[in-house]
Amino acid sequence: MSAPSAPHGHQGVPHQPAPAAQTPGALAPTPSQTIGPFYGYALPFPGGGEMAPAGHPGTITLHGRVLDGAGEPVPDALLEFWQAGPDGSLRGAPGSLRRDPATGAVVGRDGVEFTGFGRVPTDADGRYALRTLPATAPASRPAAAPYIAVCVFARGLLHHLFTRVYFPEDTAAHAADPLLSGLPAQRASTLVARTDGERRYRFDIRLQAPDAGGGEAGEETVFLEFR
Amino acid sequence: MTPPSASAAPAPPAATAPADPAAAPPPPDPGPEPQSVIDREIAALHSAAADARAAGGPVPAHPGRDFAPYRSTRLRHPRQPLAAIDALRDPEAVELTGPAFGVTDITALDADLTRQHAGEPLGERITVAGRVRDRAGRPVRGQLVEIWQANAAGRYAHQRDQHPAPLDPHFTGVGRCLTDDEGRYAFTTVRPGAYPWRNHHNAWRPAHIHFSLFGTAFTQRLVTQMYFPGDPLFPYDPILASCTDPQARARLVCAYDPDLARAEWSLGYRWDIVLDGPSATWTEEER
């Protein structure tokens with residue numbers, strides 16, 4: 001078995017690693033690679049999905065499934081969530097993976113501070129659940145449609161995907177949202193959670209539309225690119 | 001998968017092994033695809049990308065999510081184009097800021113993967129260090145860097161890793177640290193081994209350490225893998241090959257750095273990281 005020929009250097013990579021500047025003052029970014037199947041003992045942490053301060057009466061549950069292009073659950077996805085604080089602050093707070101200095105173990109959040117950050121792996125059935133506070137618009141733009149930012153990692157996904165969870169109560173604000181208002185209605189609907197009980201919302205993430213389409217139920221989630 | 005038996009063959013060995021993977025005997029049927037099929041697909045995709053670069057097309061910094069030689073991408077990449085969000089037109093997008101981490105999230109031992117158990121792990125002790133910057137070259141300060149890796153024998157401390165290589169009771173393979181004011185990080189660990197996977201027949205991943213990084217903005221989030229220089233498995237690996245630009249692949253390979261080596265203690269590797277994506281402090285001239 002011979003190595004495929006490589007135009008630069010041998011063994012597929014050039015000899016000189018170079019953070020090549022493509023434009024003056026701009027560094028070339030480090031490429032993404034898949035999170036792979038074995039992050040489970042490294043990245044998830046106890047209480048990763050418990051973003052809301054303990055016992056907070058405003059707590060909502062956001063839950064759903066991550067599905068692939070065959071409509072099958074993705075059991076090895078990792079979801080991360082980032083949202084404004086209840087006061088609209090976008091500073092966040094440390095303490096999501098608070099540690100026990102005696103044992104080094106993650107003891108979880110202090111139950112007081114809202115860090116704005118959550119991390120939840122999907123289970124064997126592709127499901128996740130997050131308990132958090134309702135999304136808030138940034139303080140500087142209080143009339144904006146509130147949303148929770150989501151980042152999706154998975155084995156088989158070479159570069160993470162961003163999406164957003166908007167909420168069905170905010171329909172009026174959605175009409176003015178620069179993202180939602182620029183999408184066809186069927187596409188935009190993939191970004192709005194549906195009410196699923198009291199203070200409970202369902203938000204599924206479809207990484208790929210099934211081959212045959214599948215109507216609204218099989219619509220691929222809108223993913224985002226930031227420029 | 002049974003390894004080919006060399007000793008049991010009574011016939012004299014063939015005078016010459018086929019040099020061309022295309023001429024290799026067909027794989028056992030039924031069975032997984034041979035490396036040669038993956039090689040041909042990678043070569044075709046790299047050739048097409050080289051043509052596109054030569055024609056002045058964009059040079060993608062990241063892998064495309066639809067990279068067929070890595071078979072698990074097939075049902076896990078979106079078919080629809082991504083919706084673009086322009087940081088200048090939407091400067092208060094939540095994603096232009098990001099989570100914060102601090103002293104409560106880290107303990108001093110987290111950055112030394114060789115001291116997390118009662119005994120010392122087996123393997124080649126190494127220091128991996130570098131700087132984290134954004135695209136404008138600004139250091140990313142006080143942000144979380146997480147790593148995970150296989151042990152020196154190529155086995156992850158994960159229930160789903162069934163590779164029959166030994167687990168090391170003195171090595172878990174998980175580390176964390178916060179970057180300092182210059183954006184620097186450093187880990188002490190052991191060099192991970194290569195390991196087999198099931199993308200195709202006899203597929204082996206080059207040795208690598210997984211990295212997870214946060215920037216000042218959620219848009220700068222990065223999960224990637226760091227490879228070691230000169231690994232003979234590079235040309236065969238569809239995950240590394242998913243970066244179709246050779247310069248992009250080179251940016252995933254650390255460099256041996258004698259200044260990071262510690263005499264009679266550990267070898268040193270340097271790997272600097274540049275986070276992509278705009279942030280709330282992004283300005284027009286920095287784009």
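**The interface of chain A and chain B**

Strand β10 of chain A and strand β1 (residues 83–85) of chain B pair in the parallel sense over three bridges; strands are DSSP runs of E of at least two residues, numbered from the N terminus, and two strands pair if DSSP finds at least two bridges between them. Within this pairing, A:E225 has B:A84 of β1(B) as its bridge partner. The model is predicted, so that local features need pLDDT of at least 70 and side-chain atom pairs count only at pLDDT 80 or more, whereas totals for chains, interfaces and linings use all residues. Residues are numbered from 1 along each chain as its sequence is written, chains are lettered from A in the order in which they are written, and side-chain values use heavy atoms, without hydrogens and water.

With contact taken as heavy atoms within 4.5 Å, 94 residues of chain A touch 98 residues of chain B. The two chains bury about 8500 Å² between them, 59% of it on carbon and sulfur atoms; buried area is the accessible area (1.4 Å probe) lost on putting the two parts together, summed over both. On the side of chain A, the residues that lose the most area to chain B are A:Q33, A:F38 and A:Y41, together 10% of what that side buries.

The rule finds eight salt bridges across this interface, each a side-chain nitrogen of Lys or Arg within 4 Å of a carboxyl oxygen of Asp or Glu. The side chains of A:R99 and B:D110 form a salt bridge at 2.5 Å, N to O. Among the elements that give two or more residues to the side of chain A that touches chain B are β2 (77–82), β5 (147–154) and β10 (224–226) of chain A. β5(A) provides the largest share, six residues.

Technical notes
Helix = DSSP H or I, 4+ residues; strand = E, 2+ residues; numbered from the N terminus.
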